[in-house]
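Keep the structure in view while you read.

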Protein chains: 2
Amino acid sequence: MGETEFVIEPGRQDIVMTHVFDAPRDVVFKAITDPNLIPRWWGPRQYETIVDHAEVRPGGRWRFLNRDAEGNEYGFHGVYHDIVAPEQVVQTFEFEGMPGHVSLETATFEEVGGKTKYVAVSVFQSVEDRDGMAQSGMQEGASETMDRLAEVIRGL
Amino acid sequence: MGETEFVIEPGRQDIVMTHVFDAPRDVVFKAITDPNLIPRWWGPRQYETIVDHAEVRPGGRWRFLNRDAEGNEYGFHGVYHDIVAPEQVVQTFEFEGMPGHVSLETATFEEVGGKTKYVAVSVFQSVEDRDGMAQSGMQEGASETMDRLAEVIRGL
């Protein structure tokens, strides 16, 4: 299983996450953007993921829920600014537990020798928001998500 | 006419623009979000502004054109992540002359003693993108836009 790397430089407003998947990029792109596959990898393993909606097109809206064993639900939503298959996805992201705090994620897919380098750059409205996200356990959750995504991709 | 202030700190990824309008915030909010009013203030005076589309709702898309005296057109587009009248607008922004470079703008409207403090925070995908925007003459263009907007607001 590949490593997920993070770059979180002091004073900046972004988090850069990189993961190399052992698959062509059209497969990686499909796994990430297919609403039928999203519940199988999005979020930490301890939660069930429900796709409330995922209009995968420029200007489309998405909303996913994480549900825990007690039935508590945590909502996330955003809009797709751009979808350029299989190269790039630009979207907004908001955790409904912190309304009004929005980030912009740019994901790029680069094929290198049959593998796919996936880079997701998230920029936040402030350094404080960025630091808050970095301190929230995001890296562990995102690493687990990338591991789950790699598993889904291996099965495609 | 009020001053438009900018905060552009070295090494950060944002530009913060503030302008105080001498009007209640519902009037300022309407001037900024009404597609029929946008051509009267959006962009520098030297250009005609055409609203290609402006779906002013969460998940709606917008696209404006600036046309110069020779008929050259410059396109801009994005999506509205959130519209909370008359408090906040969160949207993406892309100049079509630099495709793939996207920023996230959060505009807040705060009423203070009958006036409205308008603050627009734009965050960019990189410090380089932010610096490029700051060096592009953006401040002059944005100040002129704010002056035009103040004129429109006075007439409402």
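Start with helix 1 of chain B: its buried residues are covered by elements that include strand 2 (14–21), strand 5 (73–84), strand 6 (88–95), strand 7 (102–112), strand 8 (115–124) and helix 3 (138–154) of chain B. The model is predicted.

**Helix 1 of chain B**

- Helix 1 of chain B spans residues 25–33.
- Its buried residues are B:V28, B:F29, B:A31, B:I32 and B:T33.
- In an α-helix there are 3.6 residues a turn, so residues three or four places apart point the same way.

**Nonpolar cores**

- The largest nonpolar core has 34 residues.
- Those with the most contacts inside this core are A:F21, A:W42, A:F109, A:Y118 and A:L149.
- Eight elements of chain A each supply at least two of its residues: strand 2 (14–21), helix 1 (25–33), strand 4 (61–67), strand 5 (73–84), strand 6 (88–95), strand 7 (102–112), strand 8 (115–124) and helix 3 (138–154).
- Helix 3 of chain A gives the largest share, seven residues.
- A second, separate core has 32 residues, among them B:M17, B:W41, B:Y118 and B:M146.
- Nonpolar side chains tend to be buried together in soluble globular proteins.
- What does A:Y118 contact beyond its neighbours within four places in sequence? The partners are A:M17, A:T18, A:H19, A:F21, A:I32, A:E105, A:A107, A:T108, A:F109 and A:M146.

**Overall build of chain A**

- Chain A holds three helices and eight strands.
- Along the sequence, the pattern is β-β-α-β-β-β-β-β-β-α-α.
- Chain A is as compact as a globular protein of its length, because its radius of gyration is 15 Å, close to the 15 Å that the globule rule gives for 156 residues.
- Along the principal axes, its C-alpha atoms fill a box of roughly 40 × 35 × 30 Å.
- Buried residues make up 51% of the 156 in chain A.
- Of the contacts in chain A with a separation of 6 or more, 46% join residues 24 or more positions apart.

**Surface and charge of chain A**

- Chain A exposes about 7300 Å², and carbon and sulfur atoms supply 48% of that area.
- It carries 14 positive and 27 negative side chains.
- The centres of the two charge sets lie 5 Å apart.
- A:E128 sits in helix 2 (residues 127–134) of chain A.
- Is A:E128 buried or exposed? It counts as exposed, because its relative accessibility is 56% and the cut-off for exposed is over 50%.
- A:E128 and A:T92 are 36 residues apart in sequence, and their C-alpha atoms are 18 Å apart.

**Cis peptide bonds**

- In chain A, the peptide bond from A:A85 to A:P86 is cis, with omega near -10°.
- A:P86 lies in the loop between strand 5 and strand 6 of chain A.
- In chain B, the bond from B:A85 to B:P86 is cis, with omega near -10°.
- B:P86 lies in the loop between strand 5 and strand 6 of chain B.

- B:F109 lies in strand 7 of chain B. Its relative accessible area is 3%, so B:F109 is buried.
- B:F109 and B:G155 are 46 residues apart along the chain, with 19 Å between their C-alpha atoms.
- B:I38 is in the loop between helix 1 and strand 3 (48–54) of chain B. At 1% relative accessibility, B:I38 is buried.
- B:I38 and B:T49 are eleven residues apart in sequence and 7.9 Å apart, C-alpha to C-alpha.
- B:V112 is also found in strand 7 of chain B. B:V112 counts as partly exposed, at 47% relative accessibility.
- B:V112 and B:D22 are 90 residues apart in sequence but 9.8 Å apart in space, C-alpha to C-alpha.

Key: Residues numbered from 1 in each chain as written. Chains lettered and ligands numbered in written order. Predicted model: local features only at pLDDT ≥ 70, side-chain atom pairs only at ≥ 80, totals over all residues. Heavy atoms only, no water. Core = buried A, V, L, I, M, F, W, Y, C linked by side-chain atoms within 4.5 Å. Buried < 20%, exposed > 50% of the residue type's maximum accessible area, 1.4 Å probe, protein only. Helix = DSSP H or I, 4+ residues; strand = E, 2+ residues; numbered from the N terminus. Contact = heavy atoms within 4.5 Å. Rg over C-alpha atoms; globule rule 2.2 N^0.38 Å. Areas by Shrake-Rupley, 256 points an atom, 1.4 Å probe, with all protein chains shown as cover. Lys, Arg positive; Asp, Glu negative; His and termini not counted. Charge placed at Lys NZ, Arg CZ, Asp CG, Glu CD.
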